[in-house]
Amino acid sequence: MASGLRLRRITAPVRRHPRVAWSVLGLVTLLVTLVVAANLYIVISTSGEATGSVADARHAQVAIVPGAFVQPDGSMSTMLADRVEQAAALWKAGKVGRILVSGDHHRWAYDEPDTMREALVRDGVPARDVFTDHAGFDTWATMVRARKVFDVRSAVVVTQGFHMPRALYLAQQAGLDASGLTADLHSYGKQGILSDAREILSRVKAVADVE
């Protein structure tokens with residue numbers, strides 16, 4: 001071995017992948033743009049179509065009440081109870097002739113429509129004026145079935161403010177002449193915060209549903 005020779009440590013240059021990085025960045029930018037665009041489109045296109053006052057609500061054939069969570073003991077969540085209360089107020093004010101309650105009843109022990117119906121009847125709405133849709137598994141299904149199955153043409157949608165733009169957008173896309181009555185009668189705490197967050201992506205799904 002020759003003396004004085006130094007063995008150098010050869011380090012391979014770190015290979016970077018700018019194309020991959022830019023592709024990922026482009027994809028993320030596209031997704032964010034789609035989410036923002038869908039939300040803006042739905043909110044702007046339904047602006048001014050809802051009120052929080054029963055007195056200011058438009059007259060319509062039917063009040064449509066989309067379902068919301070029912071507790072394991074069969075009682076309504078605060079959100080659902082507020083929707084039902086506002087729907088009953090609409091009927092009592094003569095703004096609608098019927099109420100359609102539409103929600104999830106995919107298993108025997110969980111029944112949103114009948115829970116709402118029973119509450120409305122207890123509140124003085126005649127049973128003959130309350131119709132139940134047991135296959136309203138999401139807002140789009142509720143609106144499509146209201147038009148095609150129950151032959152509703154004009155409706156006041158009763159739901160919370162965070163949900164209202166999407167509900168009205170889907171109602172209109174289903175062919176309904178729809179306006180809204182908000183049901184924000186309480187503060188919903190953690191449930192309200194989570195609902196607001198979920199709604200951002202739900203509006204994207206709403207646009208995809210009608211395409």
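Arg153 is found in the loop between helix 4 and strand 5 of a predicted model, in which local features need pLDDT of at least 70, side-chain atom pairs count only at pLDDT 80 or more, and totals for chains, interfaces and linings use all residues. Residues are numbered from 1 along each chain as its sequence is written, and side-chain values use heavy atoms, with hydrogens and water left out. Helices (H or I, at least four residues) and strands (E, at least two) are DSSP runs, numbered from the N terminus.

- Arg153 counts as partly exposed because its relative accessibility is 48%; buried means under 20% relative accessible area, exposed over 50%, and partly exposed in between (1.4 Å probe, protein chains only).
- Leaving aside neighbours within four places in sequence, Arg153 is in contact with Gln61, Arg147, Gly175, Leu176 and Asp177, where contact means heavy atoms within 4.5 Å.
- Asp151 lies in the loop between helix 4 and strand 5 (154–159), and has a positive phi of about 55 degrees although it is not a glycine.
- Asp151 counts as partly exposed because its relative accessibility is 43%.

**Gln86**

- Gln86 is found in helix 2 (residues 78–92).
- Why is Gln86 counted as buried? Its relative accessible area is 8%.
- Not counting residues up to four places away in sequence, Gln86 touches Gly52, Val54, Val158, Leu181, Thr182, Ala183 and Leu185.
- Gln86 and Arg153 are 67 residues apart along the chain, and their C-alpha atoms are separated by 20 Å.

- Strands of a sheet pair through backbone hydrogen bonds, either parallel or antiparallel.
- Strand 1 is joined to strand 6 (residues 177–182) by two bridges, and the two run parallel; Thr51 stands opposite Leu181 in strand 6.
- Strand 5 and strand 6 also run parallel, joined by six bridges, with Val157 opposite Gly180 in strand 6.
- Five of the six residues of strand 6 are buried, and the strand is mostly covered.
- Strand 2 (residues 60–66) pairs with strand 3 in the parallel sense over six bridges, and Ile64 has Leu100 in strand 3 as its bridge partner.
- Strand 3 (residues 96–102) is mostly covered, with five of its seven residues buried.

**Helix 4 and helix 5**

- Helix 4 passes helix 5 in a right-handed crossing; a crossing is left-handed if the near helix is turned anticlockwise from the far one by less than a right angle, and right-handed if clockwise.
- From helix 4, Thr139, Trp140 and Met143 meet Arg166, Ala167, Leu170, Ala171 and Gln173 of helix 5.
- By class, this contact of helix 4 with helix 5 has five nonpolar, two polar and one charged residues; Ala, Val, Leu, Ile, Met, Phe, Trp, Tyr, Cys and Pro count as nonpolar, Asp, Glu, Lys and Arg as charged, and the others, Gly among them, as polar.
- Helix 5 is mostly covered, with eight of its ten residues buried; among them are Met164, Pro165, Leu168 and Tyr169.
- The cover over the buried residues of helix 5 includes helix 1, strand 1, helix 4, strand 5, strand 6 and helix 6.

**Helix 1**

- Helix 1 (residues 18–45) has 28 residues and spans 40 Å from its first C-alpha to its last, close to the 40 Å expected at 1.5 Å a residue; the expected span is 1.5 Å times one less than the number of residues.
- Ala38, Asn39 and Ile42 are buried in helix 1.
- The buried residues of helix 1 pack against helix 5 and helix 6 (189–210).

Definitions and conventions:
Pairing = 2+ DSSP bridges.
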